[in-house]
Amino acid sequence: MDRKLRLYNLIVGWITFVIAAITYLLTIEPTASLWDCGEFISTAFKLQVGHPPGAPLFMITARLFSLLAGKDYTHVAMMVNSMSALASAFTILFLFWTISHLVRKIILKNNEVTWNRIIIILGSALVGSLAYTFSDTFWFSAVEGEVYAYSSLFTAVVFWAILKWEDEADEKYANRWIILIAYLMGLSIGVHLLNLLTIPALVLVFYFKKYSVTTWGTIKALLVALLLLGGMMYVVIPGLIVVASWFELLFVNGFGFPYNTGVFIYALLLITAIVWGIRYTLRKRMALLNTVITAITVIIIGYSSYAMLVIRAQADPPMDENSPDNVFALLSYLNRDQYGNRPLLYGQYYNAPPVGIKEGKPIYSQVNGRYEITYRQKSYEYDPRFTTIFPRMYSPDPDHIKAYQDWASIKGVPVRVTDENGKPKTLYKPTFGENLKFFLTYQVGYMYFRYFMWNFSGRQNDTQGTGGILNGQWISGIKFIDALFLGNQDKLPDSMKNSPSRNAYYMLPLLLGLIGLFFQMDKDMHNFWVVLLFFVMTGLAIVVYLNQPPLEPRERDYAYAGSFYAFAIWIGFGVAGILHYFQKKSSRPLLALAVTVLSLFAVPGLMAKENWRNHDRSGRYTTRDLAADYLESCAPNSILFTVGDNDTFPLWYCQEVEGIRTDVRVVNLMLLNADWYIDQMKRKAYDSDPVPFSLTHMQYIHGTRNYIYIIERLRQYTDLKTVVDFEASDDPKTKTLQNDGERIDYLPTRMFSLPVDTALVVANGTVSRKDAHLMVSPLNWQLKRSSIGKSEFMTLDLLAYNKWNRPIYFDAAGNEGTVGLDDYLQLDGFAWRIVPIATPGRSYLNYGRIDSRILYDNLMNKFKWGRMNAPDVFIDAYTNRTIAVMKIRNVFNRLADQLIQEGKRDSALKALDRCVELMPNEKVPYDMFTLETVGLYYRIGQTEKANALLIGFSKITEDDLAYYLSLGANFRKLVEYETSVSFQILQNMVTLAKQFNQTDLAAKLEKAYNDAAVSYNAVPK
């Protein structure tokens, strides 16, 4: 490369880095985000153990960045988020150099370096890299403390490194790049496995450089690439640990040595073999074999970051997920055993009848100085008539089945089977064509192509969609195109048209990328195949591998960021392609500069303008503060049961990093099914005492009491402690005999009784003195189920042995986690406390009684709201969904209603005003709870405020209805539910206005309702 070009390539590359770094650092979230971020930041801050398969290198690096916060632990998350921002900026830097390298191979092929050609090369790289800088998916990951930004950096560096090797392949020390790539691959395992998907593209670069290219040779190279990829994923990563487990089992169980002896001997032998191999190949001048052994060695060195997880797990930190403190636990951790398996190349359809159960690999646990098999993994065997190659529709979940039928229009073919009672019945097995239809329409079309178009055409909004036309779709910003896929766009309501998350690029990035794709294919076929393979392996190959069921809990576009990275390379080539066309007319540098500048404005400039609004998280503390509010809802030294990720990980962050309410013990009900998690709950953590479970480790060890049947031998309320002790007993008389002769645990009743120490519950504040007369003793309730899991049984055990000493809360009511105690709850904020006061007959909107003194103090004084109503803060759809799940408006309404009943109208008004102030429609869209707020305003004589709120909400609803009714018949069917909801809201508004004698307003609302009804009925169904 000419020295001048090399210099400018470095300078412009670093300028691109600075632009990306400033962008991301300005828009990072200043605290923890939703989903896994709180967990990752917490585990990094104190080097603890996160969920499988772990990310130890991320944790180590993030720990270094967290030190930059000094003693101000509120800035730890910002420092970790800054690490993601800088990793992303470096990714952009290496993308710039990758594009400039690939474009140079075309532009400078047999040509001298000129200013015109320099501008083409650097302009292409600048446009392509900045387009990716401002792309939707990559920007999202760049501003939060997750692994995907760091993983992208490894992908970018590895791909750039193989191009550097290509430049030096004929030089003496060129293999240093191969060793570097191998080391980076090993390191990347400690962040995320996505980086391994670059292996096939790397192999192609090697093949094209070293061999004469033929069709058969290319096919063989691809086969070798797939073998290398499979070897890394299924041999090297688990294989090293599997062999270690053989040694450990031999030395501990066979020879009686202490735990970990076999692992140390195995490690010693492995190191000895590697050292001998390297020395031998050097002595014998076996260059190729030496390179292979050295590459394997550095992969293992990089992979060794996982040793940190084992070391930290043996220290029993408060966060120690799966507790991988021995080789067998580590193997299960790496294999993600707790998440189960999905069929990939062969398996069952969703309605396949099970015909048997087969035992799988054993689960070893440490017992009395040995490794004992405490459980064997089990899986169903299915009727072979209902199995297929390439199974895409396999989940038996009823909601998934409904989605399969919708997406694939399943009719099936009839198959006669026998049910569990031996009676014949007919099932309709999906055809293979329907199986492929689901793959193409949902898995490829909806769960990949839609994401691709988000990044290079436009995005409708950030609300998660399920296939309808209102949420989560891609758009172009060009009306007639969008109308083809989403219906009439002329009457879009303001809520959709002006949404900050509505991004329209008018397909310009897509078009420029397609120009670049065809230009590279025409001018440099070899590297086109390299980029194409990179694009496919990080896109469609992941679609095939993940085999996603419908109704995912969140959008999964982040998984395909590598594919979008590859397309950004083609965006860069698009500039070169345009300039190549113009070169036929003029080769002046000014023209190249003009096209570059125009492309910068038309693609990355437009993307930056459109995406800044909904990717700027600066100033938003909502996740942290709402999590802290969960904790602040609890009395001192309490136990808080949580259900999912978003109501657990942020709470862990608050406690582990910022030290908020460490006296509260957060117990995740899903994890409570695991023996290692129960062990952790039985240990003291910070200011929280051990959870008073009575069972010993062997009574809940993996494979024991996973499921417990309820067999009603007693049909009367029975003391809960007696029931728990009966079930926990090892006496054979407390077991029941199955048909196969196995004795199993069971509960002899579903009717429980829990005595109440009335003096204690008043003394410790469980019940206020003014409410003491409402107490009942004992608490009597029933479980309306035929079986329970380990988690529910441990909850019953806690209730029996806690004896009202510690407050117990649930973060959600009305689900299985409350073990039937919904009639004995009190809403103290965002958590429900178990109290010995019966409040029966409540619906899912008003579970639990209210102590207005406690709830008012929490909502109005203690709780923080994360600047959720600040004008400069963007509240994204997932935060809004969290707010909806927490039913914050409903909590304020319930408080106001209770205060009105108590005659405290002034306090009720303050609560309602605070609710409206915190959640204006532009931040948190109005919902059914808003109508309750209107009614409460009317009840306390605040007619003006009620009318203003009602009129504003009615305008929004009328606009929504006008849009729905403007759609054609085919699209109208897709919004039938939303249409009926809008009609119902308008009707409720009319009723509300009439109820409180707002005659004129009621007449206007009624007219709006009737006019909409006329329009609705005028369209043929």
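Which residue stands opposite Q782 in β17? I started my notes there. The model is predicted. I found M751 opposite Q782.

**Entry 1: the sheet with β16 and β17**

I looked up the strands of this pair. Strand β16 covers residues 751-754 and pairs with β17 in the antiparallel sense. I noted 4 bridges between them.

P778 lies in the loop between α29 (758-763) and β17. The peptide bond that joins S777 and P778 is cis. I read omega there as about 0°.

**Entry 2: the sheet with β11**

Next I took another open sheet. Its 3 strands follow the order β15-β11-β18, and the pairing is mixed. Why is one side of β15 and of β18 left without a neighbour in the sheet? I noted that β15 (746-747) and β18 (787-789) stand at the edges and have a single partner strand each, so one side of each has no neighbour in the sheet. Strand β11 (residues 707-710) runs antiparallel to β18. I noted 3 bridges for this pair. Y707 stands opposite G789 in β18.

I stepped back from β11 to R705. R705 sits in the loop between α27 (697-700) and β11. Its phi is positive, about 60°, although R705 is not a glycine. Is R705 buried or exposed? I have R705 as buried, because its relative accessible area is 7% and the cut-off for buried is under 20%.

**Entry 3: β9 and β10**

I went to a parallel pair. Strand β9 (residues 639-642) joins β10 through 4 bridges, and the two run parallel. I then looked at where the side chains of β10 (residues 665-668) point. R665 and V667 point one way. V666 and N668 point the other way. I logged all of them as buried.

**Entry 4: two buried aspartates**

D629 is in helix α24 (residues 622-632). D629 is buried and has no salt bridge. Which side chain of opposite charge is nearest to D629? I found K864, 8.1 Å away. Leaving aside neighbours within four places in sequence, I listed F830, F863, K864 and W865 as contacts of D629.

I repeated the search at D960. D960 belongs to helix α36 (residues 943-966). D960 is buried too, and again I found no salt bridge. The nearest side chain of opposite charge is K955, at 9.2 Å. Not counting residues up to four places away in sequence, D960 touches P493, S495 and S982.

**Entry 5: a nonpolar patch**

Which residues make the nonpolar patch of about 440 Å²? I wrote down M286, L288, L289, V292 and I296. L288 lies in helix α12 (residues 287-303). L288 counts as exposed because its relative accessibility is 69%, and the cut-off for exposed is over 50%.

**Entry 6: G605 and A131**

G605 and A131 are 474 residues apart along the chain. Their C-alpha atoms are separated by 8.0 Å. G605 is in helix α23 (residues 589-615). I have G605 as partly exposed, at 31% relative accessibility.

**Entry 7: other backbone points**

I checked P52 and P53. The peptide bond from P52 to P53 is cis, with omega near 0°. I placed P53 in the loop between α2 (37-45) and α3 (56-66).

Last, I looked at L551. L551 is in the loop between α21 (540-546) and α22 (561-583). Phi of L551 is near 60°, a positive value in a residue other than glycine. Is L551 buried, exposed or partly exposed? I logged L551 as partly exposed, with a relative accessible area of 43%.

Note on methods. Residues are numbered from 1 along each chain as its sequence is written. This is a predicted model: local features need pLDDT of at least 70, side-chain atom pairs count only at pLDDT 80 or more; totals for chains, interfaces and linings use all residues. Side-chain values use heavy atoms; hydrogens and water are left out. Patches are made of residues with over 30% relative accessible area and no salt bridge: like charges are joined within 9 Å, nonpolar side chains (Val, Leu, Ile, Met, Phe, Trp, Tyr) within 5 Å. Accessible areas come from the Shrake-Rupley method with a 1.4 Å probe; for residues, only the protein chains shown count as cover. A salt bridge is a side-chain nitrogen of Lys or Arg within 4 Å of a carboxyl oxygen of Asp or Glu. Buried means under 20% relative accessible area, exposed over 50%, partly exposed in between (1.4 Å probe, protein chains only). Lys and Arg count as positive and Asp and Glu as negative; His and the chain ends are not counted. Contact means heavy atoms within 4.5 Å. Two strands pair if DSSP finds at least two bridges between them.
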